[in-house]
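Student: I have a structure open and would like to learn how to read it. Could you walk me through it, one feature at a time?

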Amino acid sequence: MQNILTSVALLALTAGMASAEGKLSIYNWFEYIPQEMLDKFAAEYDVEVTMDTFDSNEAMLAALKAGKMGQYDVAVPTDYMVAIMAGEGLLDTFSHDEIPNFANIDPKWIDVPFDPGRRHSIPYQWGTTSFSVNRDVYTGDIDTLAILFNPPPELSGKINVLDSQGEVLALASLYLGIPQCSQDREQLKALNAMLLDAKQHWASFGSDTAKDVLVSGDAAAGMIFNGFSAKARAEGANVEYAYPREGFVAWMDNAVLLKDAPNRANALNFMNFLLQPENAAALTNYAAYTSAVIGVEPFLDDAIKNSPENNPPASAPQGTFVGVCDQATQELYDAIWTNLKK
Amino acid sequence: MAGRAASGAAGTGYRGLTGPLLLPAWAMIGIFLLLPVLLMTVYSFLTREFRGGVDWTFSLAAYDRFLLSRGLFGDEPPVPEWTYITIFWRSIWQAGLATLICLIVGFPTAWFIATRPLHSRALWLFMITVPYWVNLLIRTVSLRFLLRDQGPLNDLLIGTGLLDSPLRIINTNLAVQLGLFYSYLPFMVLPIYAAVERYNFALSEAAADLYASRWTTLREIVLPVVRPGIIAGCILVFVPSLGAFLAPDLLGGAKTYMIGSLIEEQFKGSQGNWPFGAAVSVILMTLVLIVLMVYTRARGRAEVR
């Protein structure tokens, strides 16, 4: 009873503040939220919603550090960037009872490595990064990272790798069974040597072309995000997305509360709104990744709910987040990446 | 001499106004040329800030990284670092080859256009420049579509029975060459055209009257006269090719760094290193400057002779 009373009081309070403030400013990825959702929030809470977009975590961080703090209320960084932003003191904290729908978050996504206990962020969408193989070219077992790093002859020389240091080095570490952000010399030397050897099998590095090279047939296998692979399949490529047994990269985009948010109460309302199952489902139907909210299933499109890319087999291991290393360790990994690409 | 006398005379007429009149030109040079170069040079001597940006403390670390290698873990005795010199060498070689191909194709093209009747020359020049109204990125991506294994070029070669399996061009150095050649060809054609157009063809006739062979005429008469155009064309192709990153990225598969992509990588991404990127740019610019100075010297000496 006490609980209900406080939440009613809180709701009344936040609603009152919402009409008083009347504004919400969002900094989000491009094409990552349908306009109808923004309109719906604006109508429900009677606020004016504005949104700017970015195309990489680094671009967003740079813009915020270069003087845009205090201008936005909510941003949508990826997992490792949440940790970096928190480390740089760019995030505000909230208590869980400030967001009534916090209880809708799937419990496995609450104690996450990049924001233990969720003090700054709530889940937005999540997905995985591994690779896809053209099944017309290769029909053997693909549930191993050896497809990328020591491929069968059918695929050698026809592999595209994401031009993204963090994800390539994370998958390579999983393949060798060594931890990320390792400072062990033998492990790093092994990682360096393995990558240099694997490079002979690769045709190209490319991130924004990752889907196109699979569809066109330029690459017979390629590192890719699960949603991107689903789109390649929808465009007619006979590709299968792998959940390798050594592990794969998981990533999660999160809505965070920015420090010095001009409309903190509306920001919390918006985060609460995103955790409402029908809204979370609308987001997933638009972005084609996966929601971390319980109870979205009845609202999901069948094609997205049942896609093989979004439903790992029961035998698949858990995804691994890209680690955030300290500066000294990161410089070792930078050197390995430069070695690989020189 | 005549030129200097003329400008001297003009100078007397506007005495007192020279300063204010030159101001816009100096402001342009200062704001758009000197200031950025100065800023870049200063940045190359600063300390790297983790995850992008600079810390305003003097440091030679960027140049040290370029020249000396201390092993993967940075604690071995320093030895000369070949990584970046190799990248420079590769880029210079690529740019040089692209310039040569542009010259071989561009010179006859320019000659052809310059020897057309006056009224049709404009049309030919127009046709050379039309493709360049399209953005470089789009042209490079289009070239990628043409060259790919299942693209029109390979369809044609296989369809006509010339080849059994697709010619692998995409993601090779050959594709990068083609990309650079295609991107910068007009920069070669236009200056040579300008030089050839001013060439007095009576000189060729005179040479022929004096029993010079066609080859001798080309070597002894034509080339010396149009040489400034050729050199201008070569510089205009070589310098941007040296810093190109679109062609290596999109056509070469981004598998090996070129100078341009190495610099680009230092400024995007959280793994970037701004002072190092600035230092590489300064070194590249110094190299280009040396080449241009050697050329100016050589030309000055040739003119004196």
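Student: What radius of gyration does chain A have, next to that of a compact globule?

Tutor: The radius of gyration is taken over C-alpha atoms, and the globule rule is 2.2 Å times the number of residues to the power 0.38. For 342 residues that rule gives a value near 20 Å, and chain A has 21 Å, so the two agree. Along its principal axes, the C-alpha trace of chain A spans about 65 × 45 × 35 Å. Keep in mind that this is a predicted model, where local features need pLDDT of at least 70, side-chain atom pairs count only at pLDDT 80 or more, and totals for chains, interfaces and linings use all residues. As for names, residues are numbered from 1 along each chain as its sequence is written, while chains are lettered from A and ligands numbered from 1 in the order in which they are written.

Student: And what is the radius of gyration of chain B?

Tutor: Chain B has 24 Å, whereas a compact globule of 305 residues would be near 19 Å. Its C-alpha atoms fill a box of roughly 75 × 75 × 35 Å, again along the principal axes.

Student: Which domains is chain A divided into?

Tutor: Domain bounds come from an automatic or database domain assignment. Here, domain 1 covers 2-124 + 252-305 and domain 2 covers 127-250 + 312-341. Their C-alpha centres lie 30 Å apart.

Student: How many residues of the two domains are in contact?

Tutor: Two residues are in contact if their C-beta atoms, placed from the backbone, lie within 7 Å. By that test, ten residues of domain 1 of chain A touch eight residues of domain 2 of chain A. On the domain 1 side, helix α4 (residues 79-87) of chain A gives the most, with four residues. The domain 1 side then has eight nonpolar, one polar and one charged residues.

Student: How do I read two helices packed together, say α7(A) and α13(A)?

Tutor: Helix α7 (residues 185-198) and helix α13 (residues 327-341) of chain A pack at about 20 degrees, with axes 9 Å apart. Angles under 35 degrees count as roughly parallel, over 145 as roughly antiparallel, 65 to 115 as roughly perpendicular and the rest as oblique. So α7(A) and α13(A) are roughly parallel. Among the residues that meet are A:Leu188 and A:Leu191 in α7(A), and A:Leu332 and A:Ile336 in α13(A). By class, this contact has seven nonpolar, two polar and no charged residues.

Student: At what angle do α4(B) and α8(B) cross?

Tutor: The axes of α4(B) and helix α8 (residues 173-197) of chain B cross at roughly 40 degrees and come within 6 Å. That makes α4(B) oblique to α8(B). Their contact has 21 nonpolar, four polar and one charged residues.

Student: Last one: how many residues of chain B are in contact with chain A?

Tutor: 22 residues of chain B are in contact with 23 residues of chain A. The chain B side has seven nonpolar, ten polar and five charged residues.

Key
Axes are lines fitted to C-alpha atoms, for helices over the stretch in contact, and angles run from 0 to 180 degrees between N-to-C directions. Ala, Val, Leu, Ile, Met, Phe, Trp, Tyr, Cys and Pro count as nonpolar, Asp, Glu, Lys and Arg as charged, and the others, Gly among them, as polar.
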